[in-house]
Amino acid sequence: MTQRRGRSAHHSIKMAGFRDDQKCTFPLQSIQDVVKLFRIELERGDEPNLALLSIVVGSVENLLTCNRYLSPRNETESEQNVKPNFPILELSTVEALYCKFESQIKGCVDVTQYRGNSYASRELVKKTSDIIWSSLTRSYCKDRAHLQTLYSYLTGNKLDCFGVAFAVVAACQILGYSDVHLALSEDHAWVIFGKDGEETAEVTWHGKGNEDKRGQPVCGPTAQKSWLYLNGHPVKCNRHTEVAALVSGINPSISATADSKELATLQQKLLWLLYDQGDLKNYPMAIGNLGDLEEINPTPGRSSPIDLFHQAIFAAQTHYANHHVYPYTYLGGFFYRNGQYKDALEAWANAADVIRKYNYGREDEEIYKEFLEIANDLIPHLVKVVSNQAIEAPEKAESNCLHDPQCFAHLLRFYDGLCAWEEESSTPVLHIGWARPLVATISKFPAKTRSHVDIKISEEKEEKVDDEKNGSVNRRHSHGRRDSLQKNDVKNEEDIVKTKVNGSTNVSDKKAGKMKKKLLKKISADAEAESVHQAKTQGDGQDTEFLHSLVTNYDPSEAPHPNIAALAAACSDNILNPDYLLGSGEPFSSRSSSSPSSSGDCRDLLSSQSNGAPFPGLTVEAMLKADSPALLTHGDGNDELGSTAEHTSVTLSSQKMTGLKELLLTEKLNTSAIQLQLTAQSQVQIVKRGRHSSEFDFVTTGRTTKRSRRE
């Protein structure tokens, strides 16, 4: 008992109260004062005090948003019309809340039970999360805004998903364990601890009914190919990155139509402070948040928003093997808002290329809504705007994105990524609500534009197709073997009948006769089917040999056979006289279009060359595309335009999109077939299994550390 009091007193002396340099910043009366406090905490030799900073941020956010009155006039106006009013935050208020949190944690956790190791144990992390969890009010909506700080916890016993995880890390810091840190995905948070952060543990929820997950490691099937856990590529925080997560989670919204300008400015200045110290270089989402803030309120002399968005993408590619989706959606949203629609489509296609690395599950609700908004709202609106511009300025219609093959390729790549996300998942993604906007969008691209896109199939998908073909061949072979086995069975049955007929058994002669007649009938039918099959096979072989001889023996320099020349010359003759069918005239009419040059025309048609140039028409594809026979020799009237148009290629890998290859390039789209292919359930593997006690039960939820969608 004495030892426990001594350990507790030691920690109390170390952690209780604030230092003089911290106290001198109070009262906090401006944005500069808050920035000064954060700079002191970040530049000190020791770790920044997470609990102190969380209480300060929460207090300021609460005073500038939740407790702020807006007149009806300001309610409908932008945040720029909200009168600036930074609150005054006294030291006594912050210190009281800090001491309350410290006493609660130290009063509930006996650290002497976990001594013997300088690193935190799973039992300690579980115990700490249980303390936070048991203190929360049960009757509140966990995905509301402004619930991510310790201020919300200490004043209302309310926290969101991220808030619980942050509170656990802050509590472990108060207990003296510096190895417990946050791990952040794009919509979830957990903790890492132990030497080099090798241990993981759930400490919060994502949806409802996940209390039993706390303390369990993040590994196995739960995290494999899951976007919620980034497939093993989360942001593993240190103390400074945890401060960045706290700042990135600030929510300036006062209402659905108004934001706090002061709070947004504070967030922007704090992010620049962290940026200058290099604390955001491995945190793509925080860089993206900073880019969004710079787009609204640019800081003179700082990087442009587009540079920041590209930095976020570079961080995701460098540190996390390109497993983060939101950096691309940040960039795509920026291009969309600025009317750079081709670049927006490319960024969204790149985002879909990332999501294809995962399998969709019901816990991926946030990213599902993100892609649904892009597919069903942003892209259709983009197409509508471009179409209206083409109507208003027809001379510029050829230069918009609907006439750009690369834009069509980006669109296909976007949906290919979504279809690949669906494959091997237990829950389907694309339903009719996705398919209809896609068909409407594709139909806006002219057939000429679509024809300039070379759709390729990935090598892996081609190998699967080859395997399926080989499987069909093997099935045919198995059918042959089965037929031979059936013949053997028939022979055995015949022997049995012979034995019975000869009297070696007690079966009656009448019954034996019936069996023999039945057997002979079956043998006769099999023989007839076999002879038909052999005749067909022989006929097919003869036809194939005949066609092969025509191809190999054809000589372009020789004159065609007289019969062929005569047939070609008489192609335009009227065989029956229409007047005769009406009751007058001769039955057959004379030649109406034969001429001495018919033989020469026929020779040109059958020759592989015409006027010294290769003849372009003798291909099946060209014959099918030609609207009239004249186009076989003279080509398409729009060929000059098509030859100058830009060609591009796109590689598809999902089974649904590769199945649409031919449908997408036809001149007239078969919308019903496209919708049926996109909504097919065959690519989803429905796995029915019982609920396990360690499994999540996910539902829709939000998290304030993820940015709010902007119009």
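**Close-up views of a predicted model**

View 1. Glu41 has a relative accessibility of 0%, so it counts as buried (buried is under 20% relative accessible area, exposed is over 50%, and partly exposed is in between, using a 1.4 Å probe and protein chains only). Before going on, some bookkeeping: this is a predicted model, where local features need pLDDT of at least 70 and side-chain atom pairs count only at pLDDT 80 or more, while totals for chains, interfaces and linings use all residues. Numbering runs from 1 along each chain as its sequence is written, and side-chain values use heavy atoms, with hydrogens and water left out. Back to Glu41: its salt-bridge partner here is Arg44, with the closest N and O atoms 3.1 Å apart (a salt bridge is a side-chain nitrogen of Lys or Arg within 4 Å of a carboxyl oxygen of Asp or Glu). Zoom out a bit and a network of salt bridges links Arg19, Asp21, Glu41, Arg44 and Asp46. Across the whole structure, the search turns up 19 salt bridges.

**View 2. A salt bridge between Arg302 and Asp276.** The side chains meet at 2.8 Å, N to O. This pair links distant parts of the chain, 26 residues apart: Arg302 belongs to the loop between α12 (284-296) and α13 (305-319), and Asp276 to helix α11 (residues 261-276). Helices here are DSSP runs of H or I with at least four residues, strands are runs of E with at least two, and both are numbered from the N terminus. Arg302 is partly exposed, at 34% relative accessible area. For another example, take Asp353 and Arg356, whose closest N and O atoms are 3.2 Å apart in a salt bridge; Asp353 is partly exposed too, at 22%.

**View 3. The open sheet, β3-β2-β1-β4.** Four strands line up in that order with antiparallel pairing (two strands pair if DSSP finds at least two bridges between them). At the edges sit β3 (199-201) and β4 (235-236), each pairing on one side only. β2 (residues 189-193) joins β3 over 3 bridges, and Ile192 stands opposite Thr200 in β3. Helix α7 (residues 122-134) packs on the sheet and touches β2 and β3, its direction making about 25 degrees with that of β3. Contact means heavy atoms within 4.5 Å; axes are lines fitted to C-alpha atoms, for helices over the stretch in contact, and angles run from 0 to 180 degrees between N-to-C directions. Helix α9 (residues 161-174) lies across β1 (181-184) and β2, at about 155 degrees to β1.

**View 4. Strand β1 and its partners.** β1 and β2 make a hairpin with 4 residues between them and pair over 4 antiparallel bridges. On the other pairing, β1 and β4 share 2 antiparallel bridges. Ala183 is a handy landmark: it stands opposite Trp190 in β2 and opposite Lys236 in β4. In a regular strand the side chains alternate between the two faces of the sheet. Here His181 and Ala183 point one way from β1, Leu182 and Leu184 point the other way, and all are buried.

**View 5. Helix α4, residues 50-66.** Its 17 residues reach 23 Å from first C-alpha to last, close to the 24 Å expected (the expected span is 1.5 Å times one less than the number of residues). At the start of α4, a side-chain oxygen of Asn49 comes within 3.3 Å of the backbone nitrogen of Ala51. A polar contact is a pair of N or O atoms within 3.5 Å; within protein, one must be able to donate a hydrogen and the other to accept it, and residues adjacent in sequence count only if both atoms are side-chain atoms.

**View 6. Asn400 in its loop.** Asn400 sits between α16 (365-392) and α17 (405-422) and is buried, at 13% relative accessible area. Its side chain reaches the backbone nitrogen of Leu402 at 3.0 Å. Leaving aside neighbours within four places in sequence, Asn400 is in contact with Val386 and Ala390.

View 7. Phe26 and Pro27 are joined by a cis peptide bond, with omega about -5 degrees; Pro27 is in the loop between α2 (20-23) and α3 (31-43). Asp196, not a glycine, has a positive phi of about 60 degrees. Asp196 is in the loop between β2 and β3 and is exposed, at 74%. Glu424 isn't a glycine either, and its phi is positive at about 65 degrees. Find Glu424 in the loop between α17 and α18 (432-442), where it is partly exposed at 49%.
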